[in-house]
Amino acid sequence: MFAGQASRLWWLCLLSLTVMRILVCAWLPLTPDEAYYRIWALAPALGYFDHPPMVAAFIKIGQILAGDTPLGLRLLGPLSAGLGTVFLAYAARDWALLRGKDAAQAMGSALKAAVLLNATLALGVGCVVMTPDTPLVFFITLFVWAFVRLVRTQNGAWWLAVGAAAGLGFASKYTALLPVAGLGVWVLLTPLGRGWLKTKWLWLGGVSAILCASPVIWWNATHHWASFLKQGGRVGDWHPAKMLTYFSELVGGQVGLATPGIFVFFVAGVYLLLRQKEAVSRALFCMVVVPVLVFVQHAVGARVQANWPVVLYPLLALAGTLPVWRWWKGASCLGFALSAFVIVQALFAPLKASAHIDITLRQMGGWAAFVQSLPTDSPLIADDYGLAGELAFYSKSQQPVIAVEPRWALFNLPHTACAEGYLVRGHKQGDDPERAGFHVLARLPVVTRMRASQVADTYSVYKVSLACTGADGAQNAVVLPLRKRAQ
C-alpha cells in the first residue's frame, strides 16, 4: 500500500503492535465473560442465548492453534485487529481517491484511519479481551471496505462481499444490523443507490447476507427465538425519568472508549461528512446516523451499554480522517497511552484502587488463587454464568463444576438432575440460596478474591444439594468442561 521505506515501516509497526497484543493475550487473566464464551466454544452450536456464535468460532480456532489457554481464547483478537487495520487503510485510501485526493494524500488518510482506530480503548484493549465485539468490528470493517470498493470500481459483484460481511457481522452481534440499515437508507434516498436496485447485484448481495446469517436465524427458529427475544426485549425497557442519566452515560462511555481526543475527531468527521458530495461520504453518514439515532432513542428510557456503539468505530475512524487538524497524532498517542495504562494496571496493578474504581481488578484480579482456595472434595456449583466459567477454567483438579441457571438449558452439555456440592455465590447475588432452588446443608467461611493486597470481591460458600424433583435449578444444571491440561 505504501511505497518503499514507508511501506516497510508501516508493516513493521503493524506487526510489532500485533505481536505485543498477542503477548498481552497470553498474560492477562480471563474475565468472567471470556470464561463463559469459552464454554460456548467447547459446546459448539449455531446460536446461543446471549449472542450469535461467531465469538465461539473465533475462540475455537484459537484453541486449535494455541490450546485451551488465555492465548488460545484470545488469539484471533489481535490477528483480526491487524488484518482489519489493513482493510480499513485500503478503504480510507480508496475513499480519499474518490474525493479527488492525490496518491500521497490518500496514503496519509490510510495511515490516519488505521492509527485512529487502533488508538481507541475499544480496539486497543478490546482486541486482547475476547468478546462478541471482536469479530463484529472485524466484519464491519470488511463491510465498509467492500462498499468503498464497490463505489470506486462500480463493479456490482462487490455487493456479494458487502452482503457476506453484513451477514457475518450479524452472526457476530445483532447490532451489525444498524449500519446495514443505514446503508439501506442510502440506497433508497440517493440516485446512485436507487440505480443499484435495478441490477441483480444488490439483490444477490442481500441473498449473500441472508445465507451468512441463516445459521443464527435457524438456531433461533428451533429454540423458541430465545436469543432474538432476549436482545429484542431490551427495546421494552422504559425509564424516561432517568433519561439525562442514561444519555450522559452514553456520551461519557464513548468519550472513554474512543479516548477524548479521538472522540473529537469522530464527531467532527461525522459533521464534515455532510459537506462531502460523493457517494461514500453520504453512505457513511447514513451508516453512522441511523445507529446513533437508535442509541439516542434507546437512551431516552433505558441504559445503552458503553460497548454497543463500538459497531460504528471503523466507520468513525474513516470519518475521522476528514478533519485536517494536525494534533490527531497527539490524540492518538494519548489513546495508545491510555490503552497501555489499562493493560499495565491489569497485569501489574501499579495503581492501588478499589474494585469499584478499578475494572481490571473487578474483572480479572485473583481468579486462579481464589478458585484454588475453594474446597475440593465435592463439585463446585455456581448460579452466575461468569463465575461458573471462571471456576471451570481455573480449577486445577478434576473437580466437577456445575452451572445452574435457565440459560444453560439451551446448551449441549451433560445435565445433572440432582447433585451435592459447594455453592459459590458473589455477595451481589444475595445470601438466600434456598430461594434460588438449593437446599443448604452448611455454610462455610466467606472467601475473598484478591489481587496482591486489593480485594476484588467476596463470596459466600455453602454446602448444598440440588433437588431431584424437577425444580428449575435441577432442570437447568449442567456439568461444565474443565481444562484438559492443569494450569
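Reader: How many salt bridges count between domain 1 and domain 2?

Author: A salt bridge is a side-chain nitrogen of Lys or Arg within 4 Å of a carboxyl oxygen of Asp or Glu. Between domain 1 and domain 2 the count is one salt bridge. Asp 50 forms a salt bridge with Arg 407, and their closest N and O atoms are 2.4 Å apart. Keep in mind that this is a predicted model, where local features need pLDDT of at least 70 and side-chain atom pairs count only at pLDDT 80 or more, while totals for chains, interfaces and linings use all residues. Residues are numbered from 1 along each chain as its sequence is written, and side-chain values use heavy atoms, leaving out hydrogens and water.

Reader: Where do the two domains lie in the chain?

Author: Domain bounds come from an automatic or database domain assignment. Here the chain is divided into domain 1 (5–347) and domain 2 (363–480). Their C-alpha centres lie 35 Å apart.

Reader: What area is buried between domain 1 and domain 2?

Author: Buried area is the accessible area (1.4 Å probe) that two parts lose on being put together, summed over both. For domain 1 and domain 2 the figure is about 1,900 Å², with carbon and sulfur atoms giving 70%. On the side of domain 1, Pro 32, Tyr 36 and Ile 39 lose the most area to domain 2, together 30% of what that side buries.

Reader: How many residues are in contact?

Author: Contact means heavy atoms within 4.5 Å. By that rule, 24 residues of domain 1 are in contact with 18 residues of domain 2.

Reader: How do I describe a pair of aromatic rings?

Author: You give the distance of the centres and the angle of the planes. Rings of Phe, Tyr and Trp (its six-membered ring) pair if their centres lie within 6.5 Å; planes under 30 degrees apart count as stacked, over 60 as edge-to-face and the rest as tilted. The whole structure has 29 aromatic pairs. In one of them, the rings of Tyr 36 and Trp 40 have centres 5.5 Å apart and planes at 75°, so this pair is edge-to-face.

Reader: Which helix holds Tyr 36 and Trp 40?

Author: Helices (H or I, at least four residues) are DSSP runs, numbered from the N terminus. Tyr 36 and Trp 40 both lie in helix H2, four residues apart, about one turn of the helix.

Conventions. Helix = DSSP H or I, 4+ residues; strand = E, 2+ residues; numbered from the N terminus.
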